[in-house]
Amino acid sequence: ADPAQRVTRLASRCSAALAALVQRTATERVEDGVRVVDIRPAFRFLSERGTDAVSPHDLHTQLFRLGALQCDPACAAPSDYVLREPGRGSVAPSATLAWIERAAVERLFGEVFGPSALQRALDSRDGSREAGTVEEDWALAARPAFDFGQFARWAMPLSPRLAEVRERLKRAIRRQAMRGGGLFDPKLVFARLDADGSGSIDAAELRSALGPDVLAQLSPTDLGTLIQSMDSNGDGQIELRELVQLLFEAGED
């Protein structure tokens, strides 16, 4: 088969393996009246180093351990995790299985990390983007890694209705964060939302921020999914840096 077709098929198989991991390890819990389908166990499995982010090499390693891949990524250094996209004329018909597997993992990683986020990482690197350096993009993008919020949005995609609620919440917070003189101060609105002064926004405080009209449209599970989509470190709370991350998302407005 054509190498590009093999990459596509293997990326689909890896995606299915990742979805099965989420389904197998997910648990349910109720916090402050919010029903949360907790997918943190799957994320913790992928982030074997115990960090708040999963790199392409982490993803490859754990997919190998799940049996979705045949080539041990430990045979290659993380710095070797740089491949050209199929179809760019850089792949010989005799491409090795190791190349096919790494390309498939990067295809899946891009889906979770998000195309717009990846493009921003690539565009922000120093120097001009010269022709013939495609294979360096991942390394020069400061080794991108996806966080829990990105993983949650991939594993439990927001419905159009929930996505609209998320955008409405973002716009409302932005309006509240504008101070006199046009100054933008997220800390001010965060302090308002963090009613108990704990340093994070919990489910009850988020409910208060959404208001009764929006809440009437949401089930307890909807609210839990919404929180996870904003929660980059998976602790079930929204911290200031996560609120700022939400407000400055690009490519989603």
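This note comments on one helix pair and on the salt bridges of a predicted model.

1. Basis of the values. In this predicted model, local features need pLDDT of at least 70 and side-chain atom pairs count only at pLDDT 80 or more, while totals for chains, interfaces and linings use all residues. Residues are numbered from 1 along each chain as its sequence is written, and side-chain values use heavy atoms, with hydrogens and water left out.

2. Geometry of H9 and H13. Helix H9 spans residues 186-193 and helix H13 residues 240-247; their axes come within 10 Å and cross at roughly 120°. H9 is therefore oblique to H13 (angles under 35 degrees count as roughly parallel, over 145 as roughly antiparallel, 65 to 115 as roughly perpendicular and the rest as oblique). The axes are lines fitted to C-alpha atoms, for helices over the stretch in contact, and the angles run from 0 to 180 degrees between N-to-C directions. Helices are DSSP runs of H or I with at least four residues, numbered from the N terminus.

3. Handedness and contact. H9 and H13 cross in a right-handed sense (the near helix is turned clockwise from the far one by less than a right angle). Pro186, Lys187, Val189 and Phe190 of H9 meet Leu240, Leu243, Val244 and Leu247 of H13, contact meaning heavy atoms within 4.5 Å. By class, this contact has seven nonpolar, no polar and one charged residues (Ala, Val, Leu, Ile, Met, Phe, Trp, Tyr, Cys and Pro count as nonpolar, Asp, Glu, Lys and Arg as charged, and the others, Gly among them, as polar).

4. Salt bridges in total. The whole structure holds four salt bridges, each defined as a side-chain nitrogen of Lys or Arg within 4 Å of a carboxyl oxygen of Asp or Glu. Three of them are described in the points below.

5. Arg40 and Asp38. These side chains form a salt bridge with an N to O distance of 3.0 Å. Arg40 counts as buried at 19% relative accessibility, and Asp38 is buried at 7% (buried means under 20% relative accessible area, exposed over 50%, partly exposed in between, with a 1.4 Å probe and protein chains only).

6. Lys170 and Glu167. The closest N and O atoms of this salt bridge are 3.3 Å apart. Both residues lie in helix H8 (residues 160-177), three residues apart, or about one turn of the helix. Lys170 is buried at 0%, and Glu167 is buried at 12%.

7. Arg241 and Glu239. Here the closest N and O atoms are 3.8 Å apart. Arg241 is partly exposed at 44%, as is Glu239 at 22%.

Technical notes:
Helices (H or I, at least four residues) and strands (E, at least two) are DSSP runs, numbered from the N terminus.
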